[in-house]
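Hi,

Here is the model I promised to pass on.

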Amino acid sequence: LAGLGATATLLVAGIFGWSIAGNYIPPVRGSLPGERFAMADPSLAQVGVVFVEIGFGLTWIPVMHIVGHAMVRTLQFLRAGWFDRAEPHFRAAHGRYGDRPDILHFLAVCAQRRSAMAEAADLWRKALAKDPNEPMLSFNLGLALRQLGQHDEAARRLRDTLRRQPNHLEAKFALANVHIDQAKFAAAERELAEIVAVLEQAIEKTPDDPQAKALQARARNMLG
């Protein structure tokens, strides 16, 4: 009977907390201008669900629920632009799971937002060593290296990105900018001309695509 009483108490507390949180606590506003982010259900609602799970006699599910919710909330911090809140969670995940490329990538993003470009580049190098075929990692590393003035390696990383993803237009733009930084204007012109050609084909297929037109105008403006 005592066990049933404890179970019932947990169930009632969980359902009550979940109901109160879901109905009376407003969502949190994100920090990016013009956008509103619902930062998941309030914490009380999640505690309520965990109480319900424990009340049903479950063991590992509440633990997985808490860990999963922590990771989701951390990614929501990133999406809302709250990098200072997200970084400690990713550092904790790095301490627990080691040099996973996804965790290293998010730590690099947080470092980049702190303007710690050398730290961000080192983290993206580590991530790329773990997952050498991921173009997103080589692209971000190339951007960071350009900001650090390491143009030769930046160009190499951006070429690696384009070998893995030939139509990565932002990588082509970035490579053209690296060439301009190095006063290699003919090489920059070749990259930009390729961008214009690719976008012309895309616009022929979808004439009303505003993004393709904007990118084409950007490339032509850089060509002069």
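Predicted model: local features only at pLDDT ≥ 70, side-chain atom pairs only at ≥ 80, totals over all residues.

Residues are numbered from 1 along each chain as its sequence is written, and side-chain values use heavy atoms, with hydrogens and water left out.

Back to that pair. H6 covers residues 117-130 and H7 residues 135-147; their axes come within 9 Å and cross at roughly 155°. That makes H6 roughly antiparallel to H7 (the label for angles over 145 degrees; under 35 is roughly parallel, 65 to 115 roughly perpendicular, and the rest oblique). The axes are lines fitted to C-alpha atoms, for helices over the stretch in contact, and angles run from 0 to 180 degrees between N-to-C directions. On the H6 side, the residues that meet H7 include Trp-124, Arg-125 and Leu-128, and among their partners in H7 are Leu-137, Leu-141 and Gln-147 (contact means heavy atoms within 4.5 Å). By type, the residues of this contact divide into nine nonpolar, three polar and one charged. Here Ala, Val, Leu, Ile, Met, Phe, Trp, Tyr, Cys and Pro count as nonpolar, Asp, Glu, Lys and Arg as charged, and the others, Gly among them, as polar.

Now for the other pair. Helix H10 (residues 185-205) and helix H11 (residues 210-223) have axes that come within 9 Å and cross at roughly 155°. That makes H10 roughly antiparallel to H11, and their crossing is left-handed. The H10 residues in the contact include Leu-192, Val-196 and Leu-199, while H11 brings Ala-212, Leu-215 and Gln-216, among others. This contact divides into eleven nonpolar, one polar and four charged residues. Gln-216 touches Val-196, Leu-199, Glu-200 and Ile-203, leaving out residues up to four places away in sequence. At 10% relative accessibility, Gln-216 counts as buried (under 20% relative accessible area; exposed is over 50% and partly exposed in between, with a 1.4 Å probe and protein chains only).

What about the cores? The largest nonpolar core has 31 residues, of which Leu-123, Trp-124, Leu-141 and Leu-158 touch the most other members. A core here is a set of buried Ala, Val, Leu, Ile, Met, Phe, Trp, Tyr and Cys residues joined through side-chain atoms within 4.5 Å. H4 (83-97), H5 (101-113), H6, H7, H8 (151-164) and H9 (169-181) each supply at least two residues of this core. Setting aside neighbours within four places in sequence, Leu-158 is in contact with Phe-139, Gly-142, Ala-171, Ala-174, Leu-175 and Val-178.

Arg-163 is in helix H8 and, at 58% relative accessibility, counts as exposed. Its C-alpha atom is separated by 9.9 Å from that of Asn-133, 30 residues apart along the chain.

Overall, the chain comes to eleven helices and zero strands (DSSP runs numbered from the N terminus: H or I of at least four residues for helices, E of at least two for strands). Of its 224 residues, 38% count as buried.

Cheers

Conventions
Left-handed = near helix turned anticlockwise from the far one by under 90°.
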